[in-house]
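Visitor: Could you show me how to read a protein model, one feature at a time?

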Amino acid sequence: GYDKVGLYQQALEHHSHALAVLEPIAPELTASPLNGVAETYLNLGHLDRAIEYSERALEVMGDAPERQRERSTALRAIGLAMQRKRDYAAAEHFFRRSIEASDAYGTSLNLLSLGDMYLELGRPDDALDAFRRCLEELGPGAQKRSRCQALIGTGEAELARHRPQEALRALRAALGTAEELGSPVDVYRAHHGLARALRETG
């Protein structure tokens, strides 16, 4: 909860406390708090620390099939850290490894990450493909925030392809979902994309 609202010091304290409680009694269950620490360090921009804790999570969980979600989370965190280090080949490698270890929800998150990275690299066709695959993977009962982010990404990819009408369709759908969720960051991104698309249409 603290991670989601940006109170990273409190998040780190709680993840670390969970880790300290679990380590002596059930070390095989520490992957979740280790991933939590890694996510917080990622949010704080401490990329090497994030990678360190993600690698520790991968080490403690081994190959246990019931740890699928934790494995996917750790691999994606390393991918995100590598992307921010601008090591895009390594980032893509870890996102794809995470997809191999993921359920449908984890796969959708990795496709979002790949789409964002392809936009950053100036590859809008690849980005659009990733966002469309994400929407297909999510299905009708999807988590609304992931669907919203995939629609925003679709709009941004269409803008990069100079197709403002297609961008408008995706971004209007995204805005409705973002407003319903009460997510100010996604509302902002949708409005920003809509403004760019409308300017392009005159």
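**Reading the model step by step**

Guide: Helices here are DSSP runs of H or I with at least four residues, numbered from the N terminus. This is a predicted model, in which local features need pLDDT of at least 70 and side-chain atom pairs count only at pLDDT 80 or more, while totals for chains, interfaces and linings use all residues. Residues are numbered from 1 along each chain as its sequence is written, and side-chain values use heavy atoms, leaving out hydrogens and water.

Visitor: Is Thr 107 buried or exposed?

Guide: Buried means under 20% relative accessible area, exposed over 50%, and partly exposed in between, with a 1.4 Å probe and protein chains only. Thr 107 has 9% relative accessibility, so Thr 107 counts as buried. Leaving aside residues up to four places away in sequence, Thr 107 touches Ile 99, Ser 102 and Glu 137; contact means heavy atoms within 4.5 Å.

Visitor: How do I read a pair of aromatic rings?

Guide: A pair of aromatic rings is described by the distance of the centres and the angle of the planes. Rings of Phe, Tyr and Trp (its six-membered ring) pair if their centres lie within 6.5 Å; planes under 30 degrees apart are stacked, over 60 edge-to-face, and the rest tilted. That rule gives one aromatic pair. The ring centres of Tyr 41 and Tyr 53 are 5.8 Å apart and the planes are at 40°, so the pair is tilted. Because Tyr 41 belongs to helix H2 (residues 31–44) and Tyr 53 to helix H3 (residues 47–61), the pair ties together parts 12 residues apart in sequence. Tyr 41 counts as buried at 12% relative accessibility, and Tyr 53 counts as buried at 12%.

Visitor: What should I look for along a helix?

Guide: An α-helix has 3.6 residues a turn, so residues three or four places apart point the same way. Take helix H9 (residues 164–181): its buried residues include Ala 167, Leu 168, Ala 170, Leu 171, Ala 174, Leu 175 and Ala 178. The buried residues of H9 pack against H8 and H10. H9 has 18 residues and reaches 25 Å from its first C-alpha to its last, close to the 26 Å expected; the expected span is 1.5 Å times one less than the number of residues.

Visitor: And what about phi angles?

Guide: Most residues other than glycine have a negative phi. Arg 86 is not a glycine, yet has a positive phi of about 65°. Arg 86 lies in the loop between H4 and helix H5 (88–100), and at 61% relative accessibility Arg 86 counts as exposed. His 162, also not a glycine, has a positive phi of about 60°. His 162 is found in the loop between H8 and H9 and is exposed, with a relative accessible area of 60%. Just after H9, Gly 182 takes a positive phi of about 70°.

Visitor: Which helix gives the largest share of the lining of the largest pocket?

Guide: On a 1 Å grid over the protein atoms alone, a pocket is an open set of points where a 1.4 Å probe fits, with protein on both sides within 12 Å along at least five of seven lines; lining residues have an atom within 4 Å of a point. The largest share of the lining of the largest pocket, nine residues, comes from H4. The largest pocket is lined by 40 residues, and Lys 4, Glu 39, Asn 43, Arg 76 and Arg 145 lie nearest its centre.

Note on methods. Helix = DSSP H or I, 4+ residues; strand = E, 2+ residues; numbered from the N terminus.
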